[in-house]
Amino acid sequence: MTTSLQTSSSSVRSRLLSSAAAWSPWRHLLSSPVHSETSHQTETLAFDEIQLSPEKPSTATAFVLHGLLGSGRNWRSFSRALASELRDRSPSDEWRMVLVDLRNHGRSAGIKGLSPLHDMSSAARDLANLVKARGWTWPDVVVGHSMGGKVALDFAESCSRGEYGESVDLPKQLWVLDSVPGQVETDNSDGEVERVLQTLASLPSSLPSRKWVVDHMLNLGFSKSLSEWIGSNLKKDNEHVTWAFDLQAAIDMFNSYRERSYWTLLEQPPKGLDIAIVQAERSDRWQPDDVQRLKALSKREGKPDAGKVSLHVLPNAGHWVHVDNPKGLLEIMAPNFLSTAKNWIG
């Protein structure tokens, strides 16, 4: 990691941690099942399930991992739309979408007993522990946005190395949504994600209302869609509202997200693994060298003993892809999503 990144990362961390010290971690659970969705909590992670026809056995499972400061519920609408589109394309496919609340986020922010090292590897191991605790089969597809994208990469890498045990099945496909595979080397803290973190850390722990937060973000120059998304991550606290995540621990995870690199996995993907990278056209996360490197990997001739990498560009979208252009994201993912008719083994 470069000296400038170390300086930037530590300075962001010190500013945010000093402001976040007064924040109280969320220790309450919310439950909001909708129609075919069900909410659960285990001794590991909280999650929601979406299945269009829950009375039928699912043919395959996709884990959906949110980004920093988010939660699984942020991806409900998109996951329902994706499941519907996949069934329209292949009626024999019955997808089960598992929307996970990663550690320190959403309902998982209230779970005690998770290892205190809040990094990408710990978050990925939480997924493996969830699978084992519930007695599930291993996910066929893992979709991850931003930080969740790197958790997905870490999960696949660890599966391929046998780090979760001998009975582990490698995912067949990863969707990594606007998540740079290598180190995120920003020389300053002017990036959109950093500015959001700094803004939230500057606010008191108890806030007047969701509307107040949204208006405050708008007044600071953030877009309406992003401001409303930030406001959706609030929970009621008596007469006020507070955040549905542990800010201090989330900062630790953000630093790990910035520092970890998975280029080795992309350069040598294990056999049977398809890694699809989606770059948001207006995202400030990407450096030209990263994009060129991915383009070269996606054009590389396939080998029978290796997986493959593909690169897709989402137009008219910044980093929050499911907020800025959900229709465009669906148009990229649905035609290229794993087909259980060809790949699922019953």
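This is a predicted model: local features need pLDDT of at least 70, side-chain atom pairs count only at pLDDT 80 or more; totals for chains, interfaces and linings use all residues.
# Handedness, burial and salt bridges

Modeller: The crossing of α6 and α7 is right-handed.

Biologist: At what angle do α6 and α7 pack, and how far apart are their axes?

Modeller: About 145°, with the axes 9 Å apart, for α6 at residues 210-219 and α7 at residues 224-231. Axes are lines fitted to C-alpha atoms, for helices over the stretch in contact, and angles run from 0 to 180 degrees between N-to-C directions. As for what a helix is here, helices (H or I, at least four residues) and strands (E, at least two) are DSSP runs, numbered from the N terminus. By that scheme, the protein comes to 13 helices and ten strands.

Biologist: Which residues of α6 and α7 meet?

Modeller: From α6, R210, V213, V214, M217 and L218; from α7, K224, S227, E228, I230 and G231. Contact means heavy atoms within 4.5 Å. The contact has five nonpolar, two polar and three charged residues, where nonpolar is Ala, Val, Leu, Ile, Met, Phe, Trp, Tyr, Cys and Pro, charged is Asp, Glu, Lys and Arg, and polar is the rest, Gly among them.

Biologist: On to charges. What makes D101 and R107 a salt bridge?

Modeller: The label asks for a side-chain nitrogen of Lys or Arg within 4 Å of a carboxyl oxygen of Asp or Glu. The closest N and O atoms of D101 and R107 are 3.5 Å apart, so the pair passes. Side chains of opposite charge can pair when their charged atoms come close. The whole structure holds 17 salt bridges, and D48, R76, D101 and R107 are linked in a network of them.

Biologist: Are D101 and R107 buried or exposed, and how do you know?

Modeller: Buried means under 20% relative accessible area, exposed over 50%, and partly exposed in between (1.4 Å probe, protein chains only). D101 sits at 3% and R107 at 9%, so both count as buried. Over the 346 residues of the protein, 56% get that label.

Biologist: What does the salt bridge of R258 with E194 tie together?

Modeller: The closest N and O atoms of R258 and E194 are 3.0 Å apart. R258 lies in α8 (residues 247-259) and E194 in α5 (residues 192-201), so the pair ties together parts 64 residues apart in sequence. With 0% for R258 and 0% for E194, both are buried.

Biologist: How do you know that the span of α4 is close to the one expected?

Modeller: The expected span is 1.5 Å times one less than the number of residues. Helix α4 (residues 147-160) has 14 residues and reaches 20 Å from first C-alpha to last, against 20 Å expected. For α8, with 13 residues, the reach is 18 Å against 18 Å.

Biologist: What makes α4 and α8 mostly covered?

Modeller: In α4, 13 of the 14 residues are buried; in α8, ten of 13 are, including L247, F254 and Y257.

Biologist: What stands out about phi of S146?

Modeller: Phi of S146 is near 55°, a positive value in a residue other than glycine. S146 sits in the loop between β5 and α4 and, at 5%, counts as buried. After α4 comes G162, also with a positive phi, near 75°.

Key. Residues are numbered from 1 along each chain as its sequence is written. Side-chain values use heavy atoms; hydrogens and water are left out. A crossing is left-handed if the near helix is turned anticlockwise from the far one by less than a right angle, and right-handed if clockwise.
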